[in-house]
Each structure stands twice: as C-alpha cells, then as structure tokens.
Amino acid sequence: MVLENINSPADAKKLSLEELNVLSGEMRTALLHRLSDHGGHCGPNLGMVEATIALHYVFNSPQDKIEFDVSHQSYPHKMLTGRKEAYLNPDKYDEISGYSEPSESEHDFFIIGHTSTAVSLAGGLAKGRDLKGEKGNVIAVIGDGSLSGGEALEGLDYAAELGTNFIIVVNDNQMSIAENHGGLYRNLQELRESQGQCECNLFKAFGLDYIYVDKGNDIASLIQAFRKVKDTNHPIVVHINTLKGKGYKQAEEHKEIWHYCAPFFLETGEPKHKNEDADYGTLTADFLLQKMKEDRRVVGITAGTPSLFGFTEDHRKAAGHQFVDVGIAEEHAVALASGIAANGG
C-alpha cells in the first residue's frame, strides 16, 4: 500500500506518476471508508484528491504555504501531511478536526470553517513573506462556489497589486453546496468551453495572469500546470475543471445531497441512521411555501445553504421566483432583504 508509507509530502515526491495514480485511488478509498463510518464533507474532498497530490508533489509545504478556502476539501491535504492514520485507523478518526487546524500540523496556517476567506488570508501570507524579504510560494485554493462571496472578490481585487509571487487555484466543479448562482458563473462556463481562451475573462479583468487546466482530476496535467507557475514573480490564477464527488457514483450523480454526509452504507449510499421525524428545516420550508402561495410578496432568501431551512431542489422549484439563492454572499443577502422589505415585500 502506497498511502501507508506517506508520512510527509517529501514521501509523495519520491513516487513515479504510476505510483501517484495508485496513491490517489488508495486515498479515495480511505476517504470513503472514513466518511461511511464517521460522516463529513464528501463531495469536495473526493474531487480534490488529484489536485492535492499534485500541489504537494510540485510545491514544498510548509515553506510553500497552501491555504484552503473553507477547508471542506482539506482531508486529502491532511492525509499527505502526517495525518493519514486518522483516515486509515478507525480508532483515530476523532483525533483530527474536519477543518484546517494549526495545532495539528505545521502545514496548516489558520483554523478555517467559513467560506471565501482563502484569497485574503493567502494574500496576507504573501505580504508577510515580502515584508520579511523571504522567498517561497503562497497558494490559495478556492472553489467556484466560494467565489460568489464578497470577501473572495475583495481578495481577488487586492491580489493583483501584490505584484509578487501569489498563486490562486480555482477549483471549478460547477457547484456550491447546491447549484451556483450569479452572473460570474456564465463567464466560468465560457472559460471552460473555450479552454480558457474566451475574450471575456473574470480573472484577467481583476489584473491577474491566468492559465486553464481542463483535466483537473488528472495528476500529470496538474503537475505540468503547477510547475509552470511555481516561483512565479506575479499573481496568477490556475483554473482547474474538476468533478465533485469523483470516484463514488452516488456523490457524482447527486452532488448537492453528497456535499456533506452522515454515516452511510458504502455499498448502497443509504444512511446508517434514519430519522423519520420531521426536522426544523422541513417544517420551516413547508410553512414558508404555504405563506408564499397565500401571498406573492413573501420571499425566502439564502446565502448558498438552501437545505438548512428545508428548501430542497423540489421546494425551490415550487417556490419559483419567491425563493432567492444569492450564492455565498451573506452581506448582500441581508441588504437585499432590507430592500425587499422597504419596497413592500
């Protein structure tokens, strides 16, 4: 077993491409076994296995600093940075956090559990490096869903002014927790369809350099791209096209449901512990749907987490324009609600 011999990123660097591909399969198997017993973030981690291997193969963590947005996708990173036993040994499942955690490892730099922060945090790491006259790469890893958060856009706006080494990996799996919402996603689609060559480019508009990787779950393609940008002297975006939930059929086909999972039977995907009672989310959604039918001025607003108050895909369709998902943009959601209320909604 390759994974059993990985105690630090240095061990992964010794492997051949064939061995790296074997490692990716073993990591995905370990992830699924732990998730089926323990629960956790499923889809984001399954989709980031190859990219994480390639990052640690090319860069030299912790001298090169990798910052994960939300850290919903940090499990593969933990497996390669001395914490594999927490994914291989059931007795050690609870020894680590589900998020990045500096007390666990020198490879983690912040306790992160909220979205859209990575570009700003990594920008600060890069600025601190430059103030001290040090070298090294700083890499922010952010998903397309997190780009809708205001802080992510503020971070991108600042990034170009660094004028120094700063690498932003955009993990584009065409999903937030649920589907993406917002005009910027039309441009991401154009970039994917044109292999990154379309004239309109969100990232270039922010003053950033840009490269596109269509095969975002192919280790060789990722290594090639990361080698191109390693030790760059200016900010650059590496836009990678990945599959959320890769390697587990249920998670690939039902991405929203499998963003996060409770313990489940690996063979069928069925939950191990079923609760037949109505929960507060279902009660809330049913109540609001009835109010929406009675009064067209009633609107439900979410910032990227519709299922938290029961608005599953079916409920969203039933609500129509009386349900609004603004993406992960909480300040906008509150201000939008204020405007709707002020104008009679």
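**Inside a predicted model**

Student: Is Tyr-248 buried or exposed, and what is its relative accessible area?
Tutor: This is a predicted model. The cut-off for buried is under 20% relative accessible area. Tyr-248 falls under it, so Tyr-248 is buried, with a relative accessible area of 6%.

Student: Where is Tyr-248 found?
Tutor: Tyr-248 is in a loop. Strand S6 (235-241) lies on one side of that loop, and on the other is helix H12 (249-253). The place is the loop between S6 and H12.

Student: Why is strand S3 (residues 138-143) described as largely enclosed?
Tutor: Look at both sides of S3. Val-138, Ala-140 and Ile-142 point one way, Ile-139, Val-141 and Gly-143 the other, and all are buried. S3 is largely enclosed by the rest of the structure because the buried count is six of the six residues.

Student: Which strand pairs with S3 over five bridges?
Tutor: Strand S2 (residues 65-68) pairs with S3 in the parallel sense, over four bridges. There, Ile-66 stands opposite Ile-139. Ile-142 has its bridge partner, Val-170, in S4. The strand that pairs with S3 over five bridges, also in the parallel sense, is S4 (residues 166-172).

Student: How are helices H2 and H4 oriented to each other?
Tutor: The axes of H2 (residues 17-38) and H4 (residues 49-58) come within 10 Å. They cross at roughly 130°, and the crossing is right-handed. An angle over 145 would count as roughly antiparallel, and 65 to 115 as roughly perpendicular. H2 and H4 are therefore oblique.

Student: How many residues of the contact of H2 with H4 are nonpolar?
Tutor: From H2 come Leu-20, Leu-23, Ser-24, Met-27, Arg-28 and Leu-31. They meet Val-49, Glu-50, Ile-53 and Tyr-57 in H4. Two of the contact residues are charged and one is polar, while the nonpolar count is seven.

Student: Is Arg-192 buried or exposed?
Tutor: Arg-192 sits in helix H9 (residues 184-193). Beyond four places in sequence, Arg-192 touches Asp-172, Gln-174, Tyr-212, His-239 and Asn-241. Its relative accessible area is 18%. Buried means under 20%, so Arg-192 is buried.

Note on methods:
Residues are numbered from 1 along each chain as its sequence is written. This is a predicted model: local features need pLDDT of at least 70, side-chain atom pairs count only at pLDDT 80 or more; totals for chains, interfaces and linings use all residues. Side-chain values use heavy atoms; hydrogens and water are left out. Helices (H or I, at least four residues) and strands (E, at least two) are DSSP runs, numbered from the N terminus. Buried means under 20% relative accessible area, exposed over 50%, partly exposed in between (1.4 Å probe, protein chains only). Contact means heavy atoms within 4.5 Å. Axes are lines fitted to C-alpha atoms, for helices over the stretch in contact, and angles run from 0 to 180 degrees between N-to-C directions. Angles under 35 degrees count as roughly parallel, over 145 as roughly antiparallel, 65 to 115 as roughly perpendicular and the rest as oblique. A crossing is left-handed if the near helix is turned anticlockwise from the far one by less than a right angle, and right-handed if clockwise. Ala, Val, Leu, Ile, Met, Phe, Trp, Tyr, Cys and Pro count as nonpolar, Asp, Glu, Lys and Arg as charged, and the others, Gly among them, as polar. Two strands pair if DSSP finds at least two bridges between them.
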